Amino acid sequence: MVYKKIKIKRLLSDPVSGQNIKVNGWVRTKRESKNVVFVALNDGSGLANLQIVADPGKFSELLLKDITTGACISVNGTLVESHGKGQQVELQAESIEVLGKSDPDSYPLQPKKHSLEFLREIAHLRPRTNTFSAIYRIRHAMIFAVHQFFNEKGFLNIHTPIITASDAEGAGEMFRVSTLDPKNPPLLEDGTIDFSLDFFERETNLTVSGQLEAELGALALSEVYTFGPTFRAENSNTTRHLAEFWMIEPEMAFYDLEDNMDLAEEFLKYLIRYALEKCAEDLEFLNQRAAEEEMSRRQEDRYELSLIERLKFVIDNNFERITYTEAIQILMESKPNRKKKFQFLIERWGTDLQSEHERYLVEKHFRKPVILSDYPKEIKAFYMRMNEDGITVRAMDILFPGIGEIVGGSQREERMDQLRRRMQEMEINAEGLWWYLDTRKFGTAPHSGFGLGFERFLQFITGMNNIRDVIPFPRTPGNADF
RNA sequence: UCCUCAGUAGCUCAGCUGGUUAGAGCAUCUGACUGUUAAUCAGAGGGUCGUUGGUUCGAGUCCAACCUGGGGAGCCA
C-alpha cells in the first residue's frame with residue numbers, strides 16, 4: 001500500500017475520502033476509550049488539527065501509551081468522512097510510528113490556556129501552541145509581502161552591513177564587535193583600548209540602522225530597500241522595544257517628503273490587505289484571542305473595534321497628515337492639557353511629544369493613524385532636510401493606535417553646505433562619514449526614506465500587546481536565552 | 001535606568017487583621033465509562049510558600065535587601 005505524504009493544511013483544504021495518506025505531526029491531545037482512540041494531530045501548517053482515529057484492537061498497548069501530548073508521530077491511514085461533529089474528515093489509522101516520545105510528566109505544554117509570560121519562558125516550545133503558530137505564520141506572510149510589494153514596484157533589495165564602524169548615526173547605544181581579549185585588551189598610552197589591534201583595525205559595532213548605506217544605494221539605483229536585523233543596546237524594558245529587531249528601510253531618489261508619506265501609507269495598507277486575504281484563518285483566531293483578553297481590561301483601556309475591524313479601518317481610511325506645529329496647537333487646546341491631566345503638559349512649541357500626547361492624537365482626537373511632519377530640528381537627526389523656515393526639518397513619523405511610532409522617516413538633506421552645517425551644530429564627526437558626504441559631492445539628488453519597525457507592525461497585525469510575543473526568540477536586557 | 005504591582009504544586013490562582021498537619025481548578029498517574037472534541041466520573045501522588053537576613057513565643061502572612069517576572073515612563077522602530 002502506498003501512502004501519500006501530505007501536510008495537514010493541504011489535506012483539509014481539499015479532502016477526498018478514500019485517499020491513502022501519510023501525515024506527520026505533534027500530538028495535541030489524545031482521548032481514548034475501550035473501543036476507539038482519538039488523537040488531535042498538528043503539523044504547524046495551519047490552525048486546524050487532523051483527527052486521527054485508531055482502533056485499540058489493531059495497535060499494541062505499548063504503542064498507544066507512547067502517544068501522549070507533545071509526542072511526534074507518523075500515521076498512515078485512509079481519509080474518511082467523520083462520524084463525529086467537530087470535523088468533516090478524519091484519518092482512520094492503519095499504522096502509527098512514534099517518531100519522538102514526550103514524557104507527559106515533564107512536558108510543559110498542556111491542553112489548556114497558558115499565560116504568555118509562561119510561554120515566553122519556554123520560547124523553544126511555544127510554536128506548538130495555536131497562538132504562536134498563528135503568529136509565526138503571519139510573520140512569514142508579512143516578510144514575504146514586504147518583498148513582494150517592493151519587487152512589484154521595481155525596488156532593489158540591498159543587504160547593508162551588520163557590522164559597522166560608523167558611530168555617527170545617533171540612533172542609540174551600540175553593541176561592540178571585537179575579537180580582543182576582554183581580560184587583557186591592548187591599551188593606548190592614555191589607558192583607553194587600542195582598537196587598531198582589533199580584527200577590523202578600528203572600533204566596530206552592530207548596526208543600529210541601514211539607512212546611511214541605503215542612501216548610497218538610492219543615489220545610484222533610484223529605489224532600494226533593506227530588510228535586516230538591527231541592534232540597539234539601550235536599556236529599554238517596555239512592551240515595544242527589543243535589543244535585536246528587524247527593520248524595513250526603503251530609500252528613494254527623487255522623492256520629496258509627500259512622496260515618502262504616500263509610499264509609507266500605501267505600503268502599510270498593502271501589508272494589512274495581504275494579511276487579511278492570506279491569513280484569514282489565523283487572524284480570525286487571534287481576533288478571538290484578543291477579544292477575550294480585552295474582557296480582562298478596564299473599560300476605558302479597551303479598543304472600540306475588534307482586531308480585524310481595526311485592520312480594516314486602517315485600509316479604508318486615509319491617514320491624518322498634520323505638522324508638528326499643528327499637533328502642538330491641538331494638544332495645547334486639548335482637554336487633558338487644559339485640565340492638567342497630562343503628566344507632561346504642553347506649554348510651548350519645541351518640546352518633544354511624549355507617549356501620552358501621541359496616544360491622545362491617535363486614539364482620542366483623530367481616531368486613526370496620524371502622520372506627523374516637520375518637527376523642530378533640535379529633536380531630530382542631522383541628516384533630515386532643513387525647511388525654508390530654518391527651524392523645522394522634513395521629518396515624518398507615523399503613529400498607530402496602541403503602538404505609537406511605527407514608522408520614522410524624512411526627506412534627506414541633499415545639499416552639501418546645509419548638511420555640513422547641521423553636522424557641525426550637532427557635533428557629528430564628518431571624517432568617518434566621508435563616503436556619505438561624497439554622495440552629496442558627486443551628483444547629489446533629492447531623496448527620502450523611512451524605517452518601519454517590523455515587530456511593531458506585527459504587534460498591530462496580530463493584536464499582541466508585548467513585542468516579545470511577535471518574534472521567535474526575543475533579545476532584551478538581561479535575556480538572551482535560546 | 002526610574003515608578004509600580006507581583007512571586008504559594010507542572011500551570012492558573014485562593015490563603016481575611018501573624019496562630020496547629022498549606023488549599024482549589026486544570027495537568028499527571030491509576031481505575032471506570034463513553035464516536036470523543038480543552039471528553040466525563042472516582043481515587044492517588046505532587047509544595048525548603050523567589051532568596052537571604054530580621055522582628056516575634058510563633059512568619060506563606062510583618063520589615064529590609066537582593067533576584068525574577070508583569071505593567072507604566074524615558075530612549076526609540
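So, the accessible surface of chain A comes to about 24,500 Å², and 50% of that belongs to carbon and sulfur atoms. Keep in mind that this is a predicted model. Along its principal axes, the C-alpha trace spans about 85 × 60 × 45 Å. Chain A has 482 residues, and buried ones make up 50% of them. For secondary structure, we've got 14 helices and 17 strands. And if you take the contacts in chain A with a separation of 6 or more, 67% come from residues 24 or more positions apart.

Okay, let's stay on the surface for a moment. Ile162, Ile163, Phe199 and Phe200 make a nonpolar patch of about 370 Å². Take Phe199 from that group: you'll find it in the loop between strand S9, residues 176-177, and strand S10, residues 204-206. Is Phe199 buried or exposed? Its relative accessibility is 58%, so it counts as exposed.

Another loop residue to look at is Asn235, which sits between strand S11 (223-231) and strand S12 (244-253). Asn235 also counts as exposed, because its relative accessibility is 64%. Now look across to Gly478: in sequence the two are 243 residues apart, yet from C-alpha to C-alpha Asn235 and Gly478 are 9.3 Å apart in space.

Next, the sheets. S11 and S12 belong to an open sheet of eight strands, and reading across, the order is S7-S11-S12-S17-S16-S15-S14-S13, with mixed pairing. Which strands stand at the edges? Those are S7, residues 156-157, and S13, residues 320-323; each has a single partner strand, so one side of each has no neighbour in the sheet. Further in, S15 pairs with S16, residues 404-411, in the antiparallel sense, over six bridges. If you want one pair to click on, Leu399 has Glu405 in S16 as its bridge partner.

Let's go to strand S5, residues 72-81. Eight of its 10 residues are buried, so S5 is largely enclosed by the rest of the structure. S5 pairs antiparallel with strand S2, residues 20-32, through seven bridges, and there Val23 is partnered by Val75. S5 also pairs antiparallel with strand S6, residues 89-100, this time over 10 bridges.

Now for two helices. A quick reminder: an α-helix has 3.6 residues a turn, so residues three or four places apart point the same way. In H8, which runs 307-316, the buried residues are Leu307, Ile308, Arg310, Leu311, Val314 and Ile315. Looking down the axis, they fall within an arc of 160°, so they line one face of H8.

After H13 comes Gly443, with a positive phi near 65°. That's my tour, thanks!

Conventions: Residues are numbered from 1 along each chain as its sequence is written. Chains are lettered from A and ligands numbered from 1 in the order in which they are written. This is a predicted model: local features need pLDDT of at least 70, side-chain atom pairs count only at pLDDT 80 or more; totals for chains, interfaces and linings use all residues. Side-chain values use heavy atoms; hydrogens and water are left out. Buried means under 20% relative accessible area, exposed over 50%, partly exposed in between (1.4 Å probe, protein chains only). Helices (H or I, at least four residues) and strands (E, at least two) are DSSP runs, numbered from the N terminus. The arc is that of the directions from the helix axis to the C-beta atoms. Two strands pair if DSSP finds at least two bridges between them. Patches are made of residues with over 30% relative accessible area and no salt bridge: like charges are joined within 9 Å, nonpolar side chains (Val, Leu, Ile, Met, Phe, Trp, Tyr) within 5 Å. Accessible areas come from the Shrake-Rupley method with a 1.4 Å probe; for residues, only the protein chains shown count as cover. A salt bridge is a side-chain nitrogen of Lys or Arg within 4 Å of a carboxyl oxygen of Asp or Glu. Contact means heavy atoms within 4.5 Å.
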